[in-house]
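Hello,

Here is the structure for you to look over. My notes follow below it.

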Amino acid sequence: MDGYVPANAPLLEADDLTRHFRVGGGSLFGRTARLRAVDGVRFALNRGETLGLVGESGCGKSTAGRLVLGIDTPTSGTVRFEGRPLTDLSVDEWRRLRCDMQMIFQDPFGSLDPRISVASQIREPLDIHGIGSTADRNAQVDDMLDAVGLPRAAKDRFPHELSGGQQQRVVIARALILQPKLIVCDEPVSALDVSVQAQVVNLLSDLQERFNLAYLFISHDLGIVRHICERVAVMYVGQIVELADRPSLFKQPLHPYSQALISAIPIPDPDVTRETMLLQGDPPSPISVPSGCRFHTRCPFAEDTCRTEEPALRDIAPGRTVACHFAERWLS
Ligand code: SF4
């Protein structure tokens, strides 16, 4: 990209990012309401790093992923890529940025065109951006097939002839062929058989090391996040409630919501037991967000202050930010 880029800028920064939607109001006197899908999210992602974005369905993590890629437009707040706000980019710069930022979705079959061969789908981004000669493009398709562990014989196949795991490898190859710096992975293995999930997660790890990729890894599965992410942001009703490095978060979660999520991760050893912190009820609707702490309607530690005063996301320890009035209680 053109323009000044601070030398030490993170690869990606989301600063006070919000995305609100107006809903309702279909009839003449119908009232509208505001759905706060993303409500003041702030994080940074460095080159070659994996940041997990976790939370229950509907917490806003996928919307946040779409905002940082520019697929959706924030209501307010800023996304910076290599130090430059996305809103400052010219059309040409946007076009170049599209090569640097890619996305992998949950459903590999839905991400692929059933009428187009594997080779053509992987090569398509090069064709669209007019990169390389035909021979170069075909050679890069071969390289990508090797990189994602697919046989070259798969080139002439069509998506329905492949297993779910193979389809996701095609999607990954297509995302990689433009040599991106960032890939937003939105539940990339949750549609796959459990037996295949580990293979694809390991592949993503290997590719990250080989190509120095940064991943924003969106998932509801903390078992997988624990395996691949270096830092983790926990989201609840549109906000980040805890952000920490992986070892600290999994060893000693400081937000009661993180504590509940981590206590629910299955332990593969039948001889090891752990007390599960069961949460009551469902998450509140992002249309009617509770006053004070958004988690107070389900939090077993809620006090009067929690119902009236919204806790700020604050530094509790080096590299750890938590949005709970009493986070220090759990810090040893
Ligand atoms: Fe629970 Fe209160 Fe902390 Fe919110 S601020 S997580 S309600 S203890």
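**Notes on the model**

Leaving aside neighbours within four places in sequence, Ile267 is in contact (heavy atoms within 4.5 Å) with Val272, Thr273 and Arg274. This is a predicted model: local features need pLDDT of at least 70, side-chain atom pairs count only at pLDDT 80 or more, and totals for chains, interfaces and linings use all residues. Residues are numbered from 1 along each chain as its sequence is written, and side-chain values use heavy atoms, without hydrogens and water.

Ile267 sits in the loop between α10 (256-263) and α11 (304-308). Helices here are DSSP runs of H or I, at least four residues, numbered from the N terminus. Ile267 is partly exposed, at 32% relative accessible area; that class lies between buried (under 20%) and exposed (over 50%), with a 1.4 Å probe and protein chains only. Gly223 is 44 residues from Ile267 in sequence and 9.4 Å away in space, C-alpha to C-alpha.

Next, helix α5 (residues 134-147). Its 14 residues should span 20 Å at 1.5 Å a residue, and the end C-alpha atoms are 20 Å apart, which agrees. The expected span is 1.5 Å times one less than the number of residues. Buried in α5 are Arg137, Val141, Asp142, Met144, Leu145 and Ala147. They pack against α4 (118-129), α6 (164-176) and α7 (194-211). Gly149 follows α5, with a positive phi near 75 degrees.

Last, the ligand. Residues around it (a heavy atom within 4 Å) include His255, Cys293, His296, Cys299, Cys306, Cys324 and His325.

Regards

Conventions: Helices (H or I, at least four residues) and strands (E, at least two) are DSSP runs, numbered from the N terminus.
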